[in-house]
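Here are my notes on the model, point by point. Please read them with the structure open.

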Amino acid sequence: MNLPFRYLPEGLQDADAVMRWCVEEPLWQHEHIQMFGRTVVVPRMVAWYGDAGVRYRYSGVQHCADGWPNPLWELKVELARLVDADWNFVLLNRYRDGRDWMGWHRDDEKAMNGVVASVSLGATRGFRLEVGDERYKLDLEHGSVVVFDGRLRHTLTRTRRPVGERFNLTFRCIDASAGHAHA
């Protein structure tokens, strides 16, 4: 069967060290986006890094990268060995518990080439991916990597059951020629 994603349950070599870095180093932010004419707080925290000057815009919010901290640079290089892609941006998501989530959406911004390498750290959470009438469910475990076309509808579900903190690092290729990808 030809699946629309590639799941590597033990894809990351040093998941514990990267998770420690995620807890201690990034400047996590709460985002506010416009949705149906009103401002809402996104139910997760974010941080971002990438090649200096690369900008990634979604939901009306601009994210400008100013370089790669060493742990993320090493992870980018490791992922390039798994997936033939030249990542130039990473969006970090922090889900503090089961109440933090991301609804159904597509990463279909013009500046993005579509391929996403999603690294999961911490608590296992349910991820859904929709392709036409087909829906796929993955339980993303600590240290796993899933590679998929971000233009497909996908979600990280919320849950009432007690779960620990989870970090998700989504590596992307942003196209500078799309007009707004570089400063």
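1. Is Val54 buried or exposed? This is a predicted model, and in it Val54 is buried, because its relative accessible area is 1% and the cut-off for buried is under 20%. Val54 sits in the loop between strand 3 and strand 4. Leu169 lies 115 residues from Val54 in sequence. In space, the C-alpha atoms of Val54 and Leu169 are 17 Å apart.

2. Confidence comes next. The chain has a mean pLDDT of 91. A pLDDT of 70 or more is reached by 95% of its residues. Residues 179–183 fall below 50. That stretch still has 18 contacts in the model beyond near neighbours in sequence. Where pLDDT is low, the predicted coordinates should not be read in detail.

3. Now the largest pocket. Its volume is about 590 Å³. The lining has 34 residues. Nearest the centre of the pocket lie Arg44, Met102, Gly103, His105 and Asp107. By class, the lining holds 18 nonpolar, nine polar and seven charged residues.

4. Which strand gives the largest share of that lining? Strand 3 does, with five residues. Several strands each supply at least two lining residues, including strand 2 (29–35), strand 3 (38–50), strand 8 (112–122) and strand 13 (166–174). Strand 6 (89–95) and strand 7 (102–105) are also among them.

5. Aromatic pairs: the whole structure has nine. Take Phe5 and Tyr136. Their ring centres are 5.6 Å apart and their planes stand at 75 degrees, so this pair is edge-to-face. Phe5 belongs to strand 1 (residues 5–8) and Tyr136 to strand 10 (residues 134–140), so the pair ties together parts 131 residues apart in sequence. Phe5 and Tyr136 are both buried.

6. Trp87 and Phe171 form another pair. The ring centres are 6.5 Å apart and the planes lie at 65 degrees, so this pair too is edge-to-face. Trp87 is in the loop between helix 2 (70–82) and strand 6, while Phe171 is in strand 13, so the pair ties together parts 84 residues apart in sequence. Trp87 counts as buried because its relative accessibility is 1%. Phe171 is buried as well, with a relative accessible area of 0%. Ring pairs join Trp87 and Phe171 with Trp68 and Trp73 in a cluster.

7. Leu75 also meets Phe171. Leu75 is in helix 2 and is buried, at 2% relative accessible area. Leaving aside neighbours within four places in sequence, its contacts are Leu12, Val18, Val119, Leu169 and Phe171. Leu12 is 63 residues away along the chain, yet the C-alpha atoms of Leu75 and Leu12 are separated by 8.1 Å.

8. What does Asn168 touch, not counting residues up to four places away in sequence? The list is Leu91, Leu92, Asn93, Tyr95, Ser118, Val119 and Ser120. Asn168 is found in strand 13. Asn168 counts as buried because its relative accessibility is 6%. Ile33 is 135 residues from Asn168 along the chain, and their C-alpha atoms are separated by 20 Å.

Technical notes. Residues numbered from 1 in each chain as written. Predicted model: local features only at pLDDT ≥ 70, side-chain atom pairs only at ≥ 80, totals over all residues. Heavy atoms only, no water. 1 Å grid on protein atoms, 1.4 Å probe; cavity = no way out; pocket = protein on both sides within 12 Å on 5 of 7 lines; lining within 4 Å. Points joined across faces, edges and corners; volume = space filled by probe spheres on them. Helix = DSSP H or I, 4+ residues; strand = E, 2+ residues; numbered from the N terminus. Nonpolar A, V, L, I, M, F, W, Y, C, P; charged D, E, K, R; others polar. pLDDT = per-residue confidence, 0-100. Contact = heavy atoms within 4.5 Å. Phe/Tyr/Trp six-rings, centres within 6.5 Å; stacked < 30°, edge-to-face > 60°. Buried < 20%, exposed > 50% of the residue type's maximum accessible area, 1.4 Å probe, protein only.
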